[in-house]
Amino acid sequence: MQVLIHLNLLDTVIIAVYFIFILGVGVYTTQKIKTSADFFMAGRRNNSWIAGIAFLSANMGALELLGMSGQSYKYGILTAHFYLIGAIPAMLFLGIFMMPFYYSKQVHSIPAYLKKRFNTATHTLNAYTFAIMTLLMSGINMYAMALVFNVFLGWNFNTSVWVSSATVAAYISLGGLTSAIFSEVMQFFIIWFGLLLAVFLGYVHIGGWHEIVARLPNNFTHLWQTTGHSSQNPMLVDWFAIVFGLGFVLSFGYWTTDYLVIQRAFSAKDMRSARMSPIIASFFKMLLPIIVILSGLIVIVLVQSHELPKLDRPDDALLYLTNLVYPHGLLGLGVTALLAGFMAGQAGNVSAFNTVFTYDIYRSHIVKQAPDQHYIKVGRVVTIVGILISIVTAYLARSMPTIMEYMQTLFSIVNAPLFGIILLGMFWSRITGWGGFTGVLTGMLSALLLYYAVEYHWIPSHWVAFTPDPSVMALNFWRAIWAFVTTVVVTIIVSFIGVPPDKEKLTGLIYGSAQEEDQPVMIKKWYGQPKFWGFISLLVLIVLNLIFW
Amino acid sequence: MSKSKKSVVNVWTLTSGLFILYGTLILGAGLYYLTQETPPPSAQYHPSIWWGGVILIAGFLFLWLSRRSDTAI
């Protein structure tokens, strides 16, 4: 790949300063680690703003920055669905309905909740599949970071992978989740201040929204107008797949069950803060399309006017825009923002991995009774091992056409079935432990089978997606729907074959039985309630969909 | 970690330090470009000056926030 630009001394200093600060965070926070709760749960002391910003920042990895701008370049404004219907309802549902169960003193992780609600088999299956998925996701972030180094600095891909890995390994193994959250909050603001200006300058340069609408086809600039039939839009999806595949199964499957983001809410100091964190994050989530969606559209216009070459890889869109509009200094900041986003994603996956592995695999099955300090040491070693394994997965990501499609494939296999059993288990007491285990296992296997069946042409793709020539994204949406439906059906059938669970043992684990410890006595004002702000967020979501209909 | 003691250094402190440093560097770069006879094309709207200023102001806002914050560390 040809180097786009040579960074000067100022750019390099700006990047180096960031690495120094991040490593400094690790060194500083390691002094504060006294217990395993400090290392794995950040001591559960954060307010809702810190937990909320970290909640979103953990998600703002390579997927958001490169992947989404690449999707926007490829599919237009339809990509914004991932930030709107594909995120907000699920985030609000998590904060308002599900957090009372998750945050209760009984559980420290999603696998731990599954153990209490269902059985050890379900817990173990989820722990292992989650561990594998986080390593794969960490590899994606690592790959994206290496891509930036390769494009901007001309660094060898392999060297870039090792540099980024060493940095993340250092500050996460030192400070655990506290270090990760510190860096995620810093990275959140760096991303906004480092990339927003590039989009604004590009927007002004091309002539604004009017120019985008004039130059791009209609189906690139409308969210819903061209989703009546899959042939009407570049993503080749219809509204049903968007609403139920993305908006329900994939979205809820990720935002309500993925421990990577939920772990940040777990670091909150009390129940109200835990419930507010995804709600606060939802507002910032809806702002992100300004950076990632708009940048893709701007780059399309720049390519059309020959100010940029046609992109070989859609994921390069944001890189090219930043390089075009930024002078030195701001260019260094833009690169730092991209690196910050990647490191946040990688660190998030690694910190979630080390927690699930240490608590739900190592402590549950291997060494069950050891001093607290032993588990901190294990967490640190596991961090290093996890980084090394994810280096391998970085090379897997390199072979996929776009990052986003790779991510959604993983989610359809792992998260969609998991969401099925959690949804049933959390709201229906009749669901049994073995029902949940059988359902989630069957769902995962069905998604995997469908993936390979289409990949190797055992079955035609329209059998899965009900459209003659579906895009990879459409297939992901439909595969998620099938996996979810399979999970739900099998779970219910097996549950009804088995003995109903003891309802007393389900106290605090199903809806309607959670203990009300989330509202301190003084917060009785309506504007302090999570439900109020959730309603406001929902209103904003609706308005945005109407504006860009 | 102590639950009763408010920390002098918290996440806002570190963020403010980073932003004050970045704002100074970028603002300085913008002022430098003003002295150049042929500044780079991307500097024509002087983004380094006004955005560097914005980052610097943000850094001081974070510093103010760090003094009021009740974050964990």
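In the predicted model, H5(A) passes H10(A) in a right-handed crossing. A crossing counts as right-handed if the near helix is turned clockwise from the far one by less than a right angle, and as left-handed if anticlockwise. Helix H5 of chain A covers residues 88-102, and helix H10 of chain A covers residues 239-255. Their axes lie 8 Å apart, at an angle of about 45°. H5(A) is therefore oblique to H10(A). Angles under 35 degrees count as roughly parallel, over 145 as roughly antiparallel, 65 to 115 as roughly perpendicular and the rest as oblique. Axes are lines fitted to C-alpha atoms, for helices over the stretch in contact, and angles run from 0 to 180 degrees between N-to-C directions. Helices (H or I, at least four residues) are DSSP runs, numbered from the N terminus.

Residues are numbered from 1 along each chain as its sequence is written, and chains are lettered from A and ligands numbered from 1 in the order in which they are written. In this predicted model local features need pLDDT of at least 70, side-chain atom pairs count only at pLDDT 80 or more, and totals for chains, interfaces and linings use all residues; side-chain values use heavy atoms, with hydrogens and water left out.

Over all chains, the structure holds two salt bridges (a side-chain nitrogen of Lys or Arg within 4 Å of a carboxyl oxygen of Asp or Glu). One joins A:Arg264 to A:Glu184, at 2.6 Å from N to O. A:Arg264 lies in helix H11 (residues 259-266) of chain A and A:Glu184 in helix H8 (residues 157-206) of chain A, so the pair ties together parts 80 residues apart in sequence. A:Arg264 is buried, at 0% relative accessibility. A:Glu184 is also buried, at 0%. Buried means under 20% relative accessible area, exposed over 50%, partly exposed in between (1.4 Å probe, protein chains only).

A:Glu211 and A:Arg215 form a salt bridge, with their closest N and O atoms 2.9 Å apart. Both residues lie in helix H9 (residues 209-215) of chain A, four residues apart. A:Glu211 is partly exposed at 23%, and A:Arg215 is partly exposed at 34%.

A:Asn219 sits in the loop between H9 and H10 of chain A. A:Asn219 is buried, at 19%. Its side chain reaches the backbone oxygen of A:Gln232 at 3.0 Å.

Just after H18(A), A:His457 takes a positive phi of about 60°.

Key
Helix = DSSP H or I, 4+ residues; strand = E, 2+ residues; numbered from the N terminus. Polar contact = N/O pair within 3.5 Å; in protein donor to acceptor, adjacent residues only side chain to side chain.
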